[in-house]
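Here are a few exercises to work through with the model open in your viewer. Try each task before you read its solution.

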Amino acid sequence: MAGPPDTSAAPAGPLVIQPLKRRHCAECGVGPLTLLTLEGGGPRCLDCADLGHLVYLPRGDTALTRRAREGSGLAAVVVRFHRRRGRYERQGVLVEEAALARAEQRCLADAEARARRRVRDAARRAAEDVRFTEAFAAEIHRLFPGCPLDRARAIAAHASVRGSGRVGRSAAGRALSKGAVTAAVTAAVRHTATPYDQLLMSGVPRGEARRRIAAAVDSTLRAWRAP
């Protein structure tokens with residue numbers, strides 16, 4: 001095993017080591033040890049070091065570790081030597097079982113509160129999305145009064161999906177600018193009322209595919225712009 005770890009910057013309290021080699025307690029002889037302390041240059045098992053009543057909490061949950069340590073009258077930091085890096089690294093802590101149970105309850109309460117907040121936030125976002133989609137559809141219908149209302153709603157719903165990156169979620173789209181609304185309608189006509197997608201699938205370059213269906217798109221838009 002590597003030399004004893006530098007404890008100058010370690011938190012207050014005992015330091016416990018996960019040994020890399022088979023070690024036995026110098027006091028009671030039990031072993032091989034999975035956790036040990038160093039006293040007088042020799043290894044001691046947790047029972048002989050008066051730490052046997054503590055439970056191990058691996059690293060990973062910062063809030064749980066902090067609360068468990070704060071609530072534990074006695075706690076120890078567990079470290080293991082990393083050969084490649086040449087240093088001891090923290091693996092977890094030993095804390096009183098009752099302190100760990102209390103910390104878990106507090107973290108569970110926090111998790112439940114966060115879950116309730118996520119539900120509220122999701123409901124709020126859903127309501128905002130409904131209002132925005134309705135406003136987008138109304139703007140489509142204003143600019144293109146000949147567009148069937150159900151078609152306007154479908155275009156608005158598609159263009160305004162949160163996180164989609166589509167034109168309805170752009171800054172211009174959220175502002176219901178004429179250019180963004182027109183772009184959404186044009187894209188919808190291109191993909192659903194012309195053979196544009198089939199042309200792309202057949203290997204026609206995008207620019208050429210758009211040129212071929214431009215007249216059909218313009219015709220539909222002109223018709224929809226009429227009252």
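UniProt positions are given in the numbering used here, and its annotations may be inferred rather than shown by experiment. Keep in mind, too, that this is a predicted model.

**Exercise 1. Find the stretch that UniProt lists as "domain: DUF2293" and work out its helix and strand content.**

Step 1: the UniProt record, an unreviewed entry, lists residues 140-225 under that name.
Step 2: over residues 140-225 the chain is 70% helix and 0% strand.
Step 3: the end C-alpha atoms of that stretch are 10 Å apart.

**Exercise 2. Check the span of helix H5, then find which helices its buried residues pack against.**

Step 1: H5 covers residues 178-192, which makes 15 residues. Its first and last C-alpha atoms are 21 Å apart, close to the 21 Å expected at 1.5 Å a residue.
Step 2: pick out the buried residues of H5; among them are Ala 180, Val 181, Ala 184, Val 185, Ala 188, Val 189 and Arg 190.
Step 3: look at what they touch. The buried residues of H5 pack against H2 (97-143), H3 (149-159), H4 (171-174), H6 (196-201) and H7 (206-225).
Step 4: zoom in on Arg 190, whose charged end sits over the ring of Tyr 196, 5.8 Å from the ring centre.

**Exercise 3. Inspect the backbone at Pro 32, Asp 50 and Leu 176.**

Step 1: the peptide bond from Gly 31 to Pro 32 is cis, with omega near -5°. Pro 32 is in the loop between strand S1 (15-18) and strand S2 (37-39).
Step 2: Asp 50 has a positive phi, near 60°, though it isn't glycine. Its loop runs between strand S3 (42-44) and strand S4 (54-58), and Asp 50 counts as exposed at 58% relative accessibility.
Step 3: Leu 176 also has phi near 60°. Leu 176 lies in the loop between H4 and H5 and is partly exposed, at 23%.

Note on methods: Residues numbered from 1 in each chain as written. Predicted model: local features only at pLDDT ≥ 70, side-chain atom pairs only at ≥ 80, totals over all residues. Heavy atoms only, no water. Helix = DSSP H or I, 4+ residues; strand = E, 2+ residues; numbered from the N terminus. Expected span 1.5 Å × (residues − 1). Buried < 20%, exposed > 50% of the residue type's maximum accessible area, 1.4 Å probe, protein only. Contact = heavy atoms within 4.5 Å. Lys NZ or Arg CZ within 6 Å of the ring centre and 35° of its normal.
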